[in-house]
Amino acid sequence: MATHHYQSPALPINVPSKAPGPASLYPVGRVSGSPPDISDASTTAGSRTSAGFSYASGSFGGDYDSSSASYSGVEIVDVLNDRMQDMFDPTPLDKGLAMQAQASGQLNAKQRELIELQALAQRRLKGVRASFADGIKVARETKRDLEWTQKRVNALKAKAEHAHPDEYRRAAKKYTFDDN
């Protein structure tokens, strides 16, 4: 997955001057008002340079004439906000977030599927173990039955050999089986 980094170039920002301008430059809903009272104490004032803004410490006392007409009513934050919205395109970010959400959803689905399959395998394993235990039990019972039957056949064979030795020899020759 490719990662994109978007960096917008530094653009100059127009800062309104202290002198009132034509009314058509400013939004209609603004109310003109006086600037806030600023003390003669040292404050930070900005000035525009080619690379953006430079800030210097100074006082507004001599820079501002309180007898000038009226404050323009343009808020710099709104202007900067509008410019930022115009410059920033959230589409690639939204697409990336959508892809991430899809991948996360797919991973969660696969994880749930794996958990379900693991539970199914556990249930099957229990069944197989129970079947295996039953098979072992049946095999032991069968072995025990075969051993008892073999003992019984051997006992009957010995009894027949003692009771009828001649007939037993003739039958043994006629019906000889290889034990190997």
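The legends below describe close-up views of a predicted model.

**View 1. Overall fold of the predicted protein.** The protein has three helices and two strands. Along the sequence the order is β-β-α-α-α. The chain runs to 180 residues, of which 2% count as buried. Among contacts with a separation of 6 or more, 55% join residues 24 or more positions apart.

**View 2. Confidence along the chain.** The average pLDDT of the protein is 75. Scores of at least 70 are reached by 58% of the residues. Among the elements, helix α2 has the highest mean pLDDT, at 95. Strand β2, residues 52-58, has the lowest, at 46.

**View 3. The stretch from residue 40 to residue 71.** Over residues 40-71, pLDDT stays under 50. The model still gives this stretch 42 contacts beyond four places in sequence. Strand β2 spans residues 52-58.

View 4. The structure holds two salt bridges, and one of them joins the side chains of Glu113 and Lys110. The N to O distance is 3.8 Å. Both residues lie in helix α2, which covers residues 91-163. They are three residues apart, about one turn of the helix. Glu113 counts as partly exposed because its relative accessibility is 39%, between the limits of 20% and 50%. Lys110 has a relative accessibility of 51%, so it counts as exposed; the cut-off is over 50%. Side chains of opposite charge can pair when their charged atoms come close.

**View 5. Salt bridge Arg169–Asp166 in helix α3.** Arg169 forms a salt bridge with Asp166. Their closest N and O atoms are 2.7 Å apart. Helix α3 covers residues 165-174 and holds both partners. Arg169 and Asp166 are three residues apart in this helix, so about one helical turn separates them. Asp166 has a relative accessible area of 45% and is therefore partly exposed.

**View 6. Nonpolar surface patch at Met84, Phe88, Leu93 and Leu97.** These four side chains form a nonpolar patch on the surface. Together, Met84, Phe88, Leu93 and Leu97 have about 410 Å² of accessible area. Leu97 is found in helix α2. Its relative accessibility is 47%, so Leu97 counts as partly exposed. Patch membership requires over 30% relative accessible area.

Key. Residues numbered from 1 in each chain as written. Predicted model: local features only at pLDDT ≥ 70, side-chain atom pairs only at ≥ 80, totals over all residues. Heavy atoms only, no water. Helix = DSSP H or I, 4+ residues; strand = E, 2+ residues; numbered from the N terminus. Buried < 20%, exposed > 50% of the residue type's maximum accessible area, 1.4 Å probe, protein only. Contact = heavy atoms within 4.5 Å. Patch = residues over 30% accessible without salt bridge, like charges linked within 9 Å, V, L, I, M, F, W, Y side chains within 5 Å. Areas by Shrake-Rupley, 256 points an atom, 1.4 Å probe, with all protein chains shown as cover. pLDDT = per-residue confidence, 0-100.
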